[in-house]
Amino acid sequence: MVGIIGLIIGILLGIIFKVNIPDQFSPYMSVAILACLDSVFGALRASLSKNFQPDIFISGFFGNALLAAGLAYLGDKLGVPIYLAAVIVFGGRIFDNFAIVRRLLIEKAKSRH
Amino acid sequence: MKNNEANIFLFAASIIIGILISMNISFNKGTTTTFLSSSQYQDAYNYKNQLYSEISSMVNVYNTYEQKLEKYKSIETNKSSITDEINKELEQNNMILGKVQVQGQGLSIILNDADSKYFDNTFDDQFRLVHNTDIIQVMNDLKNGGAEAISINNQRIVDSSEIYCSGPFLRINGVKIAAPFTINAIGNKEVLYNYMMSDENYLKGLMIRKVKVNVTQSDLVRVSAFIGNERADFMKVQ
């Protein structure tokens, strides 16, 4: 819930201030966004299973984003689409995390009965 | 407590993600890619080339104006040379407007009604005559082919010229003229000739109708000046 509200606020902020990134950074940005999304889902899962650690979350959030963008950039320079690796790994992890979050939420709802 | 902390971090992180996403979305709006079929691509390519050539011709015009302006500026002190320049421009404009007699390479087209042996007292006789509409079509073709100045039986065609049916005569610039009609046109003679004699041109139709058509290229075609009055009773410069 908190995440969705934050997302909406962020999108609104971005539209209002109209921050534009240069042309050539656009593909790397998409990969970085995917990494950030993965971190957020991980944090959601951790907070539900009560083992959330802020330092790990922050380092993962920025570290993953930078690494993903950097790898995509490197892949572009080398002519190898490494960004695909980032897309597959983070995409898969987002689904994994979502599955665990779902399970946790459903179990919580069941135990309340 | 721990849950609360996690919520705060999640909130901040999702705001950042939201901003990033909206950055990318607003960026993507600017460059929408469309896929073209080969003919569409060809059209777009031609259109691009056309625009480029338009730009280059506009640059040329700009340069001539720029030079003119420079000239005016550099000879600002000398009034008589400015007058000379203005007179030269006036002459140029008069030439374009048809106020002076001009000459140059071009075409001379003579149109006349068909030979009397083709007349057989039927409705077909109408097709053996040169009508005002025929002259208008030929005029349009000439203009399309790049003619710079046109006269018909020494009546200069200007923007106010009418080509009107007046019984057995034509009326151009208020003057009645009779067959044969000699159309003089100044322009690139090769281009004009090839254009006028091409199969889809109106002249071919006239030839099929047995109308006498005589087209000659010439290095020296004279087009007389427009003699008449322009009226400007109602129009005003806006």
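This is a predicted model: local features need pLDDT of at least 70, side-chain atom pairs count only at pLDDT 80 or more; totals for chains, interfaces and linings use all residues.
**Helix H1 of chain A**
- The buried residues of H1(A) are A:Gly3, A:Gly6, A:Leu7, A:Gly10, A:Ile11 and A:Gly14.
- Viewed down the axis of H1(A), these buried residues fall within an arc of 135 degrees, so they line one face of the helix.
- On the face of H1(A) turned away from the buried side are the exposed residues A:Ile4 and A:Ile16.

**Sheet of chain B**
- An open sheet in chain B is formed by five strands in the order E3-E2-E7-E1-E8, with antiparallel pairing.
- Strand E3 (155-156) and strand E8 (212-223) of chain B are the edge strands, each pairing on one side only.
- Strand E2 (residues 149-152) of chain B runs antiparallel to E3(B) and is joined to it by two bridges.
- Opposite B:Ile152 stands B:Gln155 in E3(B).
- Helix H5 (residues 189-196) of chain B packs on the sheet and touches strand E1 (102-112), strand E7 (181-186) and E8 of chain B.
- The direction of H5(B) makes about 20 degrees with that of E1(B).

**Contact between the chains**
- In chain B, 22 residues are in contact with 33 residues of chain A.
- The side of chain B that touches chain A comprises 13 nonpolar, seven polar and two charged residues.

Methods:
Residues are numbered from 1 along each chain as its sequence is written. Chains are lettered from A and ligands numbered from 1 in the order in which they are written. Two residues are in contact if their C-beta atoms, placed from the backbone, lie within 7 Å. Ala, Val, Leu, Ile, Met, Phe, Trp, Tyr, Cys and Pro count as nonpolar, Asp, Glu, Lys and Arg as charged, and the others, Gly among them, as polar. Two strands pair if DSSP finds at least two bridges between them. Helices (H or I, at least four residues) and strands (E, at least two) are DSSP runs, numbered from the N terminus. Axes are lines fitted to C-alpha atoms, for helices over the stretch in contact, and angles run from 0 to 180 degrees between N-to-C directions. A residue is buried if 20 or more other C-beta atoms lie within 10 Å of its own, exposed if 12 or fewer, and partly exposed in between; C-beta atoms are placed from the backbone. The arc is that of the directions from the helix axis to the C-beta atoms.
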